[in-house]
Amino acid sequence: MIHTTLADHAKTIQKINLRKAFQEDQNRFQKFSASFENQILLDYSKNLITDETMTLLLQWAKEAHLKEKINAMMQGEKINTTENRAVLHTALRNRDNHPIYVDGKDVMPEINRVLEQMHHFSDQVRDGSWKGATGKAVTDVVNIGIGGSDLGPAMAHDALAFYRIDSLRFHFVSNVDGTDIAETLKKCNPETTLFIISSKTFTTQETLTNAQTARNWVVQKLGEKAIEKHFVAVSTNTEGVKAFGINPENMFIFWDFVGGRYSLWSAIGLSLMIGIGYTRFTEMLAGAHAMDKHFQEMPFEKNLPVILGIIGAWYASYLGAESYAVLPYDQYLHRLPAYLQQLDMESNGKSVQKTGNAVTLSTGPVLFGAAGTNGQHSFYQLIHQGTHLIPTDFIAPVFSLNEAVGQHDILLANFIAQPEALMTGKTADELRAQGVDEKLIPFRTFSGNRPSNTILIEKITPYTFGALIALYEHKVFTEGVLWNVNSFDQFGVELGKQLAKNVLTELIDSSQPLHHDSSTNALIQTVRQKRNVLKHK
């Protein structure tokens with residue numbers, strides 16, 4: 001019933017004029033805004049919504065049993081139904097330390113043990129007491145991972161770079177393209193480099209390939225025994241770690257209730273803890289935990305993740321938005337859109353409901369973005385005057401951590417003006433009143449009525465950063481509940497990797513017969529032929 005009502009309402013809401021809506025309701029901002037601890041303000045008043053829209057969307061959340069499903073996740077129920085797993089990244093930042101049970105066992109003692117192990121190790125690296133094979137302190141830390149084992153820590157390192165220790169340099173290697181690891185090793189000295197190999201199974205092809213290249217580099221320079229002093233692992237595969245040559249005492253575990261794209265809070269964040277220190281790392285956990293409590297306890301009408309989630313689902317499912325943009329006006333957050341791409345599109349890029357039936361609504365839109373004001377000089381043209389409906393999230397801090405005279409004011413002026421411009425547009429009559437040549441008016445008209453959220457953060461600190469990431473995690477969860485998809489599996493990433501194993505064998509051994517389609521066969525044959533020509537030159 002609610003879906004029929006929302007579909008009917010969508011037909012009327014497309015006639016809304018946001019400029020006129022603000023003129024007619026002076027309280028629109030007060031009505032459609034909410035805050036988190038007076039540190040994060042969400043202004044969602046520039047969306048294609050009315051009071052009736054929000055009432056219907058909240059009803060959708062209620063009928064989808066969102067409240068009950070939030071509690072089920074937080075309490076350790078196995079809501080990842082296709083893999084029969086709990087979803088407990090929230091337990092990793094449970095700073096209240098209340099018991100959380102999985103299969104009758106409280107997981108908090110083990111989470112706290114690993115956190116303390118990370119604390120001890122990171123302090124040693126930071127203060128120079130962890131020595132390499134030749135007795136020298138670490139100067140460079142290289143995190144080797146892929147997906148969430150790379151995107152999370154790499155994004156967070158940049159986001160919190162202001163708080164990072166100056167005596168260490170950090171590098172992130174993920175691409176199986178040998179250029180990635182080769183260019184990184186050029187910057188490092190094997191005597192003073194620490195490698196963190198981040199792979200839950202310790203079998204991930206890209207990660208293990210890069211790790212082996214790094215291993216060969218160290219062994220060639222320092223010998224086999226150096227491995228124990230220059231490599232640590234974030235994994236659950238003790239035997240694989242030992243076979244690589246890493247001392248199991250230097251293995252930091254995490255659990256199958258932690259998905260890769262939610263693993264920043266776990267030992268996957270070891271490089272980040274080394275960078276910013278234990279105290280600030282736990283401040284980040286505390287900010288995320290506070291947002292968890294906000295999500296679980298705050299009425300939906302003032303609940304930031306719920307509001308973002310129901311509005312996001314509204315655009316994707318009923319107003320035909322196939323993409324949306326995240327636009328952080330803070331250089332520290334320049335990697336946030338890439339991080340959110342995985343979080344959002346890997347979670348909700350699904351076409352099958354939890355029941356196994358096909359979805360009946362459009363799900364998971366394409367997410368893109370860039371740091372402002374860089375994006376203004378590239379793709380904003382499409383957002384302002386293109387034919388697509390692209391809801392946008394603008395994010396900025398009130399206070400800069402690096403105040404150069406006047407620069408942050410310029411940044412904030414653009415941050416505030418862009419959503420206003422998207423909303424108000426510019427009419428032909430306004431252009432004529434300005435004396436614009438009649439021939440140019442069609443090209444300089446802005447339709448307006450283009451929706452956005454504005455997220456204003458007091459200052460980028462570990463605490464507010466943690467809260468911001470948790471905000472988006474729970475937004476994605478909310479959307480997944482509304483669409484009735486499992487937001488915590490990712491079978492879609494597997495097929496291409498499986499087929500690549502066969503292709504790899506065929507590329508290495510040119511005597512292998514080819515049984516693919518004509519295009520795939522031709523591509524493999526072309527590589528074989530060109531390599532054969534080069535071999536005989």
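Predicted model: local features only at pLDDT ≥ 70, side-chain atom pairs only at ≥ 80, totals over all residues.
Residues are numbered from 1 along each chain as its sequence is written, and side-chain values use heavy atoms, with hydrogens and water left out.

Six strands form an open sheet of mixed pairing, in the order S1-S2-S13-S12-S10-S11 (strands, E of at least two residues, and helices, H or I of at least four, are DSSP runs numbered from the N terminus; two strands pair if DSSP finds at least two bridges between them). Strand S1 (33-36) and strand S11 (366-368) each have a single partner strand, so one side of each is left without a neighbour in the sheet. Direction ignored, neighbouring strands of this sheet are turned by 15° against each other on average (axes are lines fitted to C-alpha atoms, for helices over the stretch in contact, and angles run from 0 to 180 degrees between N-to-C directions). Strands S12 and S13 run parallel and are joined by six bridges; Phe-394 stands opposite Thr-454 in S13. Helix H15 lies across S10, S11 and S12 and runs at about 165° to S11, whereas helix H17 (residues 407-424) lies across S12 and S13 at about 160° to S12.

A further open sheet has five strands with parallel pairing, in the order S6-S5-S7-S8-S9. Its edge strands, S6 (169-173) and S9 (251-252), each pair on one side only. Strand S5 (residues 140-144) is joined to strand S7 (residues 193-198) over five bridges in the parallel sense, and Ile-144 stands opposite Ile-197 in S7. Helix H8 (residues 178-185) packs on this sheet and touches S5, S6 and S7, its direction making about 165° with that of S6 (contact means heavy atoms within 4.5 Å).

The largest pocket has a volume of about 1,200 Å³ (the space filled by probe spheres set on the points, with grid points joined across faces, edges and corners). Of its 41 lining residues, Ile-146, Thr-204, Gln-490, Val-493 and Lys-497 lie nearest the centre. Helices H7 (148-159), H9 (205-222), H15 (336-348) and H21 (494-508) are the elements that give two or more residues to this lining, and H21 gives the most, with five. The lining comprises 13 nonpolar, 18 polar and ten charged residues (Ala, Val, Leu, Ile, Met, Phe, Trp, Tyr, Cys and Pro count as nonpolar, Asp, Glu, Lys and Arg as charged, and the others, Gly among them, as polar). The second largest pocket, of about 370 Å³, is lined by 15 residues, and Asp-330, Gln-331, Gln-407, His-408 and Leu-411 are the closest to its centre.

Two cavities of 30 Å³ or more are found in the whole structure. The largest cavity holds about 120 Å³ of space, and Gly-312, Tyr-315, Tyr-324, Pro-391 and Lys-475 lie nearest its centre among 16 lining residues. Helix H14 gives the most to this lining, with four residues. The second largest cavity holds about 70 Å³; its lining has ten nonpolar residues, one polar and no charged, including Trp-255, Trp-265 and Ser-266.

Notes. 1 Å grid on protein atoms, 1.4 Å probe; cavity = no way out; pocket = protein on both sides within 12 Å on 5 of 7 lines; lining within 4 Å.
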